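I record what I looked up, entry by entry.

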Amino acid sequence: MDIDTHWAQTFQAAGLSHLDYCDLFTQMWLRRKEALRKTDLYALMPNVCPRTAVKYVQSAIDGGFLLEHPGTHDRRVRLVTLSDKVRGDLERFLDYSARRFKAALME
């Protein structure tokens with residue numbers, strides 16, 4: 001529970017405290033070497049309906065937390081990456097989570 005609480009506290013001011021953003025950002029971080037197609041992001045939020053996922057992704061883009069770029073080969077394709085601010089907060093969250101899991105295994 002404290003990992004979920006830590007997520008909420010880290011991202012509350014940005015309006016991203018909902019754990020579905022945790023799913024999205026973590027999956028994007030795991031694929032951080034590549035820009036992802038905007039339409040592929042919705043599946044990274046498996047606990048919400050597609051309509052809600054679309055709304056959440058667009059909200060994160062509008063807030064500057066995700067960066068949207070035109071595709072290089074097809075300008076109709078929209079590519080999305082994590083912003084530097086979100087990446088830093090996310091990496092601190094992931095470090096915290098790893099420490100908590102390690103501590104739980106040592107108990």
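**Entry 1: Asp40 and Arg37.** I looked up Asp40 and found it partly exposed, at a relative accessible area of 38%. I take buried as under 20% relative accessible area, exposed as over 50% and partly exposed as in between, with a 1.4 Å probe and protein chains only. Arg37 is also partly exposed, with 42%. Asp40 pairs with Arg37 in a salt bridge whose closest N and O atoms are 3.3 Å apart. By salt bridge I mean a side-chain nitrogen of Lys or Arg within 4 Å of a carboxyl oxygen of Asp or Glu. I counted 7 salt bridges in the structure.

**Entry 2: basis of the values.** I note that the model is predicted, that local features need pLDDT of at least 70 and side-chain atom pairs pLDDT 80 or more, and that totals for chains, interfaces and linings use all residues. Residues are numbered from 1 along each chain as its sequence is written, and side-chain values use heavy atoms, with hydrogens and water left out.

**Entry 3: Lys38 and Glu68.** I found a salt bridge between the side chains of Lys38 and Glu68, at 3.3 Å from N to O. This pair links distant parts of the chain, for Lys38 belongs to helix H3 (residues 38–41) and Glu68 to strand E2 (residues 66–70), 30 residues apart. Helices (H or I, at least four residues) and strands (E, at least two) are DSSP runs, numbered from the N terminus. Lys38 is buried, at 15% relative accessible area, whereas Glu68 is partly exposed at 26%. I also noted that a network of salt bridges links Lys38, Glu68 and Arg78.

**Entry 4: Asp89 and Lys85.** The closest N and O atoms of the Asp89 and Lys85 salt bridge are 2.6 Å apart. Both residues lie in helix H5, 4 residues apart, which is about one turn of the helix.

**Entry 5: H1 against H5.** I next examined helix H1 (residues 2–11) and helix H5 (residues 84–106), whose axes come within 10 Å and cross at roughly 160°. H1 is therefore roughly antiparallel to H5. The axes are lines fitted to C-alpha atoms, for helices over the stretch in contact, and angles run from 0 to 180 degrees between N-to-C directions. Angles under 35 degrees count as roughly parallel, over 145 as roughly antiparallel, 65 to 115 as roughly perpendicular and the rest as oblique. Among the residues making the contact are Ile3, Trp7 and Phe11 of H1 and Asp89, Leu90 and Phe93 of H5; contact means heavy atoms within 4.5 Å. I sorted the contact residues into 8 nonpolar, 3 polar and 3 charged. Here Ala, Val, Leu, Ile, Met, Phe, Trp, Tyr, Cys and Pro count as nonpolar, Asp, Glu, Lys and Arg as charged, and the others, Gly among them, as polar.

**Entry 6: H2 against H4.** H2 and helix H4 (residues 50–62) pack at about 75°, with axes 11 Å apart. The two helices are therefore roughly perpendicular to each other. Asp20, Tyr21 and Leu24 of H2 meet Tyr56, Val57, Ser59 and Ala60 of H4.

**Entry 7: Ala35.** I located Ala35 in the loop between helix H2 (19–30) and strand E1 (36–37). Ala35 is partly exposed, at 33%. Leaving out residues up to four places away in sequence, Ala35 touches Leu79, Val80 and Thr81.
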